[in-house]
Protein chains: 2
Amino acid sequence: MTSQNILAAHSRIKNYVKQTPILTSSSINKMTGGHLFFKCENLQKVGAFKARGAFNFLLQLSHVDLANGVVTHSSGNHAQALALAAKTLGTKAYIVMPDNAPTIKVAAVKEYGAEITFCEPNLAAREKTMLEIQKNTKAIFVPPYNHKWIIEGQATSALELLKELQDLDIIIAPVGGGGLLSGTCLANYYFGKAQVFGAEPEGADDAFRSLKQNKRVEHHTPTTIADGLLTTLGPLTFEIMNQHVTDILTVNDHEIIHAMRVIWERMKIIVEPSSAVALAAVLKNPALFRNKKTGLILSGGNVDLNKLPF
Amino acid sequence: MTSQNILAAHSRIKNYVKQTPILTSSSINKMTGGHLFFKCENLQKVGAFKARGAFNFLLQLSHVDLANGVVTHSSGNHAQALALAAKTLGTKAYIVMPDNAPTIKVAAVKEYGAEITFCEPNLAAREKTMLEIQKNTKAIFVPPYNHKWIIEGQATSALELLKELQDLDIIIAPVGGGGLLSGTCLANYYFGKAQVFGAEPEGADDAFRSLKQNKRVEHHTPTTIADGLLTTLGPLTFEIMNQHVTDILTVNDHEIIHAMRVIWERMKIIVEPSSAVALAAVLKNPALFRNKKTGLILSGGNVDLNKLPF
């Protein structure tokens, strides 16, 4: 993946996604002793950075490829992003969701016109159901993170951040499957000179362990309130992160909920727990960030207002 | 008040307040059939447009004037704004608050270093307490809305909106004491060509009634969830609005709460009930806004997360 790939992704998707604002908060700066710049992907279309990767993928498919639709299995923001991108480009999205997916996420995916197939809530059932759909429809699988086009799409958030703030000392982003963080690494490698940190829940710390042992953890049983970060690194996202990430900082759910509340109260924006992980890591490690200019990527804002953790 | 006054206010305060972002939402556009542009004063310093007026007032006081501090009575966003402006400019703010003011608002004012004096929760007690403080300290009274400098400060929000979007057909802003709405009227008179609507809760509709009868309603007993809009128009704000406002649209608390939830869920930003009044008015009167380009001023985002109406 070259700098040209990322620039091409950015110009490819720019009429389909938002150039999200970068916000600051004096009171959070005071709390941390650093200078924080929040890149607000929670204000992105579908409420998450995932719109970038999904559009970058679909826009590279031919009319013939697109004709049979696209398919993925996801109960989260990738499902909404794919549904929106498919609808916008005039094709059909098939989404496999576990039958225990939150009502609010099912409703959001339906609203974008996707066809949902429910299955048992385990990976085997999800993959089996998806293969059946692919066989019947010839729809193209759009993976959530472990794909060049997805990573290049997600890289465009850090690209925009670095275009506005060339002298960032640090960039920190949450890590689940690693699409956002590996894209951030690449954008910074080509266009920045910051250290790149990942922020991860203690209860889903496969990236932390993978980088420590220099070998990808392939199986684990995550448990955290940050429901967007339950996924496991892929081979490609691991390889990029292993080469470029400065460190992974882990935080517990209590710290995540506290940081989430700080963002809501001080910045007046809605972030989901997965987004708050980055600020939680900053608040936990003040010495690392003191007097530094740090860009934080707020990954998404999709929460059920009836089930707030505070 | 001239166009030069508003431009001067803008350059006077611009290093002290934020140029707030203007956000859009495809899904809310679809709901309303119009093109809406949200000017996010909820993302302003202290979480409300009030920072603009307070800074514009204090920055016109001399060092001698400022030396004895500033004083106001308010339990709301004006108190926080004045506390911040005073702290920033190195003077003291004395804030008279009713003894039943919400804990969260008291805490916010304290955090900005203001000195709070509590009194009985009625206007007579507030004014009496404030006069005593003025007598003892010689602090200067900074009114919440009915003053040229305050109105010119609040006008800078619409000024920024009109600089970015010169071809707006409509601007709509909430109305309480009328500082924001009268400032918006003046900014549009000098720099725009839009119709200007006010949005007001049915339970606090003194602006609606004042404009209908062409005479300012001076006494009323408001009751609404939009706690920032309980105030009554002043002579100056009434005069400006009476000359320039196209119409006042009223909405009930149920409609306000619904609009507030729509903004939280669709835009991922936190607005207080007073802010949501403008969207509630748009949702209630779709024919007025269909296919029009409308700027909505989201006035503030200060809510107690422990007391949400949904």
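**Entry 1: Domains of chain A**

I began with the division of chain A, which consists of domain 1 (3-48 + 147-307) and domain 2 (51-141). I note at once that the model is a predicted one. I looked up the separation of the two domains and found 24 Å between the C-alpha centres of domain 1 and domain 2 of chain A.

I then examined how these domains touch. In chain A, 27 residues of domain 1 are in contact with 19 residues of domain 2. The area buried between domain 1 and domain 2 of chain A is about 1,900 Å², and carbon and sulfur atoms give 62% of that area. I asked which three residues of domain 1 of chain A supply more of its buried area than any other three. They are Tyr16(A), Val46(A) and Trp149(A), with 37% of what domain 1 buries against domain 2.

**Entry 2: Charged pairs in chain A**

I recalled that side chains of opposite charge can pair when their charged atoms come close.

I next turned to Lys148(A), whose salt-bridge partner is Glu152(A), with 2.7 Å between the closest N and O atoms. How many residues apart are Lys148(A) and Glu152(A) in helix α8 of chain A? They are 4 residues apart in this helix (residues 148-164), so about one helical turn separates them.

**Entry 3: Chain B against chain A**

I moved to the contact of the two chains, to which chain B gives 27 residues and chain A gives 27 residues. The size of an interface is often given as the accessible area lost when the parts come together. For chain B and chain A, the buried area is about 2,000 Å², of which 50% comes from carbon and sulfur atoms. On the chain B side, Lys268(B), Ile270(B) and Leu305(B) lose the most area to chain A, together 30% of what that side buries.

I found 2 salt bridges across the interface of chain B and chain A. I also noted a salt bridge between the side chains of Arg266(B) and Glu111(A), at 2.8 Å from N to O. Over all chains, the count comes to 30 salt bridges.

**Entry 4: Two helices of chain B**

Lastly, I compared helix α5 (residues 77-88) with helix α6 (residues 103-111), both of chain B. Their axes come within 8 Å and cross at roughly 10°. Angles under 35 degrees count as roughly parallel, and α5(B) is therefore roughly parallel to α6(B).

Which residues of α5(B) meet α6(B)? I listed Ala79(B), Gln80(B), Ala83(B) and Lys87(B), which meet Ala108(B), Val109(B) and Glu111(B) in α6(B). The residues of this contact of α5(B) with α6(B) divide into 4 nonpolar, 1 polar and 2 charged.

Notes. Residues numbered from 1 in each chain as written. Chains lettered and ligands numbered in written order. Predicted model: local features only at pLDDT ≥ 70, side-chain atom pairs only at ≥ 80, totals over all residues. Heavy atoms only, no water. Axes fitted to C-alpha atoms, helices over the stretch in contact; angles between N-to-C directions. Parallel < 35°, antiparallel > 145°, perpendicular 65-115°, else oblique. Contact = heavy atoms within 4.5 Å. Nonpolar A, V, L, I, M, F, W, Y, C, P; charged D, E, K, R; others polar. Domains from an automatic or database assignment. Buried area = accessible area lost by both parts, 1.4 Å probe. Salt bridge = Lys/Arg side-chain N within 4 Å of Asp/Glu carboxyl O.
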